[in-house]
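Subject: Structure handover and findings

Dear colleague,

I am passing a structure on to you with this email, and below it you will find notes on what turned up in it. Please keep the structure open while you read, so that you can look up each residue as it is named.

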Amino acid sequence: MIKFEKFKLKNNLTVIVHQDNSSPLACVNILYDVGARDEDESKTGFAHLFEHLMFGGSINIPNYDEPLQLVGGENNAFTTNDITNYYCTVPSENLETAFWLESDRMLSLAFTEKSLEVQRSVVIEEFKQRYLNQPFGDVWLLLRPLAYNTHPYKWSTIGKEISHIENATMDDVKSFFKKHYCPANAIMVVAGNVELDNVKKLAEKWFEPIEAGIHPKRNLPKEPKQTSPRKLTVERDIPVDSIYKAYHMVSRYDSNYYTCDLLSDILSRGNSSRLFNALIKDNPLFSEINAYVMGDFDEGLFVISGKLSEGVKMEVAEAAIIKEVEKIKNELVSETELQKCKNKVESSITFSETDILNKATNLAISELLGGANLINEEIGKYLAVKTDDIKKMANIILDENNCSTLYYLKKK
């Protein structure tokens with residue numbers, strides 16, 4: 001059970017405090033309710049560009065890293081299609097330094113042409129290195145627009161194309177910041193060796209003077225139901241042929257999300273899982289095979305992906321995946337098999353909660369998904385899933401008419 005206190009500042013910034021005196025550290029985690037799905041389709045990659053810009057200096061602090069390192073702190077951030085999350089960890093006696101740094105960049109970044117140019121170049125280089133010039137780098141640049149026709153999940157966090165970042169103007173950047181990076185659109189979690197009264201005092205001192213802003217209303221287009229299979233074949237400079245099968249599934253808010261997650265575990269979590277046993281151990285058609293959920297907040301994807309063994313034909317490999325999928329659709333999984341997966345989930349969630357940074361991030365995400373206490377209810381939601389639920393969801397999701405398949409082939 002993770003205990004926490006919650007309060008709101010006058011400017012609508014939500015603050016959650018989790019005291020854990022077993023650690024000498026304190027973590028300040030700020031989650032902004034903005035991700036790649038909130039971008040204009042002709043100006044993508046902005047949420048990720050901001051992840052970089054936020055480290056490029058603010059009004060009063062030209063170098064974000066330096067003062068943090070001087071007090072023994074470290075920091076990082078990540079962007080997804082749904083959220084942008086910034087965090088820093090400091091020895092707890094230096095907590096105020098983290099408040100000073102985070103509040104200043106929420107107040108206003110140093111919007112200089114130089115900073116924009118530097119970070120733009122970094123992002124463009126990342127696009128080229130990680131997505132265009134790396135084996136398997138462009139898989140999601142291909143698979144997302146294959147699976148989505150309408151919803152903004154059809155582009156990756158890096159953006160649809162490099163030109164969107166190349167052409168980003170100072171006005172574009174400033175308006176994106178003003179719209180999304182404000183107290184009303186943020187959740188701050190302070191975790192570790194901290195006390196509620198001190199956190200309240202620091203929050204009021206450093207964050208309350210910042211103008212609230214407005215929590216932007218989302219009105220994203222709903223993806224229409226997929227009614228026929230979609231396929232794409234590409235050749236790339238890779239060592240082995242690979243396959244990616246993406247099925248539409250429920251959103252992160254849906255109670256059936258936990259069933260889908262366990263379904264993916266039954267198929268591929270560990271060396272006793274179904275796909276491993278059938279397609280690697282008993283009949284080595286694949287050198288590697290995985291099933292996983294993307295964890296998207298809106299209706300997302302359930303993915304089965306694998307690297308084929310040398311000499312195996314794609315049609316044979318795909319037919320073997322479909323055969324295993326049909327089994328789980330037609331036969332109930334055993335109570336023992338389901339319980340084994342539940343035990344693994346329970347232990348991994350429990351183990352992750354020993355780390356204050358994980359707790360801070362998960363409290364913020366839980367708050368955004370409906371309330372911070374979801375963090376304490378999650379294991380129970382997994383444990384409540386029944387064998388009937390697994391079969392039912394498998395039949396709803398794992399349908400070839402609901403599937404987008406990418407054949408990612410080694411160049412001949």
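In which helix is the place of Glu51? Glu51 sits in helix α1, which covers residues 46-53; please bear in mind throughout that this is a predicted model.

Glu51 is buried and yet has no salt bridge, for the nearest side chain of opposite charge, that of Arg130, is 7.6 Å away. Leaving aside residues up to four places away in sequence, Glu51 touches Ala77, Phe78, Thr79 and Tyr86.

Elsewhere, charged side chains do pair up, and a search of the whole structure finds 25 salt bridges. One of them is formed by the side chains of Lys359 and Asp20, at 2.9 Å from N to O. Lys359 belongs to helix α13 and Asp20 to the loop between β2 (14-19) and β3 (25-32), so this pair ties together parts that are 339 residues apart in sequence. Lys359 is buried, with a relative accessible area of 7%, and Asp20 also counts as buried, at 12% relative accessibility.

A salt bridge also joins the side chains of Glu337 and Arg274, at 2.8 Å from N to O. This pair links distant parts of the chain, as Glu337 lies in helix α12 and Arg274 in helix α10 (residues 274-282), 63 residues apart. The side chains of Arg269 and Asp265 meet in a salt bridge of 3.3 Å, again N to O; here Arg269 is partly exposed, with a relative accessible area of 27%, whereas Asp265, at 9%, counts as buried. Lys231, Lys245, Glu318 and Glu400, in turn, are linked in a network of salt bridges.

What is the volume of the largest pocket? The volume is about 1,200 Å³, and the pocket is lined by 45 residues, of which Thr80, Tyr257, Met294, Gly295 and Asp296 lie nearest its centre. Among the elements that each supply at least two residues of this lining are β4 (74-79), α5 (139-147) and α12 (335-352).

With best wishes

Terms used. Residues are numbered from 1 along each chain as its sequence is written. This is a predicted model: local features need pLDDT of at least 70, side-chain atom pairs count only at pLDDT 80 or more; totals for chains, interfaces and linings use all residues. Side-chain values use heavy atoms; hydrogens and water are left out. Helices (H or I, at least four residues) and strands (E, at least two) are DSSP runs, numbered from the N terminus. Buried means under 20% relative accessible area, exposed over 50%, partly exposed in between (1.4 Å probe, protein chains only). Lys and Arg count as positive and Asp and Glu as negative; His and the chain ends are not counted. A salt bridge is a side-chain nitrogen of Lys or Arg within 4 Å of a carboxyl oxygen of Asp or Glu. Contact means heavy atoms within 4.5 Å. On a 1 Å grid over the protein atoms alone, a cavity is a set of points where a 1.4 Å probe fits but cannot get out, and a pocket is an open set with protein on both sides within 12 Å along at least five of seven lines; lining residues have an atom within 4 Å of a point. Grid points are joined across faces, edges and corners, and a volume is the space filled by probe spheres set on the points.
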